[in-house]
Amino acid sequence: MEQIVMDRYDVIVVGAGHAGCEAALASARMGNKTMIFSINLEAIAMMPCNPSIGGTGKGHLVREIDALGGEMGVNIDKTFIQSRMLNTAKGPAVHSLRAQADKYQYHLEMKKTLERQKNLDMKQDEVVDLLTEEGRVCGVVTRTHCIYRSKAVILATGTFLRGKIFIGDSSFPGGPNGLAPSEELAENLRKHGMKLRRFKTGTPARALASTFHYDKMIRQDGDEKIVPFSFMNEHLEREQVPCWLTYTNEETHRVIRENFHRSALFGGEIEGVGPRYCPSIEDKVKRFADKKRHQLFVEPEGLDTEEMYIQGMSSSMPEDVQREFYHTIEGLEDIRITRAAYAIEYDCIDPQELKLNLEYRNIGGLFCAGQFNGSSGYEEAAAQGLMAGINASLEINGRKSFILDRSEAYIGVLIDDLVTKGTNEPYRIMTSRAEYRLVLRQDNADERLTEKGYALGLVSEERYQRYLSKKQEVEREISRLKNTSVTPSDASQYLEERGSSPLQNRVSLYDLLRRPEIDYDSLTEIDPERPQLSSHARDCVQVRIKYQGYITKQLQQIERFKKLEDKKLSPDLDYDGIRGLRLEAAQKLGRIRPLSVGQAARISGVSPADINVLLIYLEKQKRGGL
Amino acid sequence: MMKNTIAAISTPYGEGGVGIIRISGDNAEEILRKIFVPAVPGDPVNRRMTYGHIVDEEQNIVDEVLCVLMKKPKTYTAEDVVEINCHGGMVPLRKTLELVLRSGARAAERGEFTKRAFLNGRLDLTQAEAVMDLISAKTDRTYDVAVEQMEGILSRKIRMLRNMLLDVLVDLTVNIDYPDEDIEELTYRKLFTGLDSVRQQIQTLIDSADTGRILREGLKVAIIGKPNVGKSSLMNGLLRESRAIVTEIPGTTRDTIEESLSIRGIPVILTDTAGIRRTDDKIESIGIERSKASFNEADLVILVLDGSRELEQEDYDIMEHVNPSRTIVLINKSDLPQVLSASEISSALKGARTVSESMKDIEGLKALEDCIVSRVETDTSARRESILVTNARHRDLLEEGMRSLCDAIDAVLRKEPLEIIEIDVNSAYERLGEIIGEAVADDILNEVFSRFCLGK
């Protein structure tokens, strides 16, 4: 078959899911001629699983993507149908925003953004092979034998690669949501020397909204005061729709237990590894046999559809069993299922084969992002997509990689975890994965990242000015609070009402705010001169004052952390030749090739003694002793 | 939080005329200023040997020393270095080292001074090779020690405490990261209970460091009392030999005298102090300061009173300074007509035990010896299970862990948010892990997923 030579691009993105969209937009916005391929353009920014964005840790990622000039925050702000700030009973570091999306609108809005983006082309076609030249990628080949040349390629294939669907004892090749899988590309990637492995994930059934009994479920509404994801939005008003809470029961569990043998999961059909934090209902019933009930949420998939998503009930049971157990649940007795729950297995790469800039070690210019890297979740995918897009652009322009470390962003934690520690299951971000949680808050993502995004050319002038004015607002207000004091008599009633001890002397409002029982909003009672602050700024002021002691402590820890991060290791260091290094450590280091001593110390199998040996080796080298 | 200033006893273990403690790092000078009072007031001068005293937090004299501060870079490690020349013998050396560690240094690892010297560019390549061998050899040794400890009581105990903290961390993590799940809410009461029981057990371990020391280095017993009540006679009686000069002139014992002896198999370090009384005599007043210092650090104080005389102001002064639970009151001169009664003493010094003796009758010391022995036996049998901590690095880490845990408990009491509390719990967990050489890795998340049913 004759090959057709098509256009030439700077960057080609394979896959238009959450990773691919961010990658393509970042690349195009940084001025590169970019092409994005999707097997089906109706799959752009598709949400084949839950119809929501955000949650603990994930919400932080979305804020960071937004602060760097990515699209996810803006897009969900346009299309959410319910918004909630989670964890408000806890401290500000773990407040997490989550929004229910109208998944059809989410897709359409993202598609529109891609279509209108300067420097960006899109095409419905399946990429089946890579073109390489002297260890570097130089383009792709599509199913229709077209050749597109490029300087860099970003793989964001999600769950499409050799995708296989499992429903009970039926299994067949398939991508997510009934789309065709991608078979040839996986084979060809193997030919290029990539080692691929199998991961698995799953999704619950969808059913018609009119067939649920809402009086038997607990209604869950969105927040009255909507907090937007994007720093570009100060206020958002939106009519919101409710979600519904209900529980499984003994009967549900009986049906499931009696049919364990018919589950694809326990039948040994599935070779892929699934995530522990996203277990199927049969998994939950098996592993937590003494738990009497499991909760589930019924969530709308959009405003123009009757379909509801049954969160918490993913399964790979046969359809008759699915129908039987769903019907045992209060409120779900008569539901009519439109799409059965299924498990999907797919090919992905071991992320330890990647560098911190998400470039594949063995082929120059080839970047990888999203579920292909062994992660799970829309937000994790988008974060990697953005970083892969940025780094592909930097690489082809001969510029230094953009790497966020663990003290700068959840994005840094996510990528460092994947690349340095690797993962044996689809990886999900959690706030407890971050060592410096108090500093990596969602309210200050802009402070941490907007300037970096601006320097990269991703952050618009408008966003940058907004950030600067918020920063100024915060600084000004903090210094005003430090310089404004109240007398014991001014404050006595206010303090008494809050069970706070009375003052002996004049005290600044700043010091008063550091008392746990005092909050910024109520303090306005004895602070008549207070200026009107934006809500973003207000959050920052409160957190910075109340947790100042802990934040300072954490900043000191970060300083120490940075010392080892700043001790750089050459990517082509010969670890076998370093005397004193244990064999296991030398092998691990040789494979992962950490960029710093700090990164080396996080590799499992590298001991503190090995790190000492490395430090000594570095010093020797510095002094020209080698 | 790892301190970067290190300290160690750098002379060989065992008795010697002089012992040297070396401190290296950014805080070396600050620590010196904190614990050293020069005889001639003034700032420490770079590279000048200075005479003075090491004093602890309560301003008690620990030892009489010569100190030198050597500012970087021209020092062994190329960092600020302080060397303290103490009196030889393990007791003053360990006292001073412990004070240094409390003041902001951490115990140095084996070979760490040399390692720093190299990293800071002070050693040549051949020496560096030797250091590398030392460190890689150390890995093997540490491994042996680790295996040994794995079977030891200490690591079992530490592992148990870590598991208790892990329970708390798992609860914290699941409550923070899974707000929407159907899990039991974590109350401040539950947090407090969990943390406080670990705190108590760590405290017992830290205390055991003292008990361990008693068995290793001996029970420190100080004899005190106003002049001429028979302290030296008591000492001689216990030693069964005449060593100190015993006269009828008050104040002849002008310096403390330290003797090692064994009372029914228990090693005892006996200190005879200068009589404590109000005085203008310069030399004697130094002796009196010494006395106060030595009874402050004693495990047991024997307060000698003259049974033939009424209590005087000086006796009351002394009683004010001693800890009754660690005091045995010896009413001496029982051969003379008695005006002091045991009940009078016990009302003045609640909790102290009282023994009546005449020092003229050596056999009569038996009752006193019984008292001393029983004091050690109750002390050690109660703690026999926990006489574990003998290593300065372990103690150091335990104390750091303890501080974090106390911070966490304070935060619980103030009802701070969970993720704030988690910071200190986690660092206590890490410190305990360092004792047994276990890295943190992913054990918290592994536990979260094995204990809770989570996820959509």
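1. The model is predicted, so local features need pLDDT of at least 70 and side-chain atom pairs count only at pLDDT 80 or more, while totals for chains, interfaces and linings use all residues. Residues are numbered from 1 along each chain as its sequence is written, and chains are lettered from A in the order in which they are written.

2. Chain A is divided into domain 1 (4-200 + 346-456), domain 2 (206-345), domain 3 (475-554) and domain 4 (567-622), with bounds that come from an automatic or database domain assignment. The centres of domain 1 and domain 2 of chain A, taken over C-alpha atoms, are 26 Å apart.

3. To the contact between these two, domain 1 of chain A brings 45 residues and domain 2 of chain A brings 46 residues, where residues are in contact if their C-beta atoms, placed from the backbone, lie within 7 Å. On the side of domain 1 of chain A that touches domain 2 of chain A, β4(A) gives the most, with six residues; strands here are DSSP runs (E, at least two residues), numbered from the N terminus.

4. An open sheet of chain A has four strands in the order β11-β10-β19-β12, with antiparallel pairing, and two strands pair if DSSP finds at least two bridges between them. Because β11 (170-173) and β12 of chain A stand at the edges with a single partner strand each, one side of each has no neighbour in the sheet.

5. β10(A) and β11(A) run antiparallel and are joined by four bridges, and I167(A) stands opposite S170(A) in β11(A).
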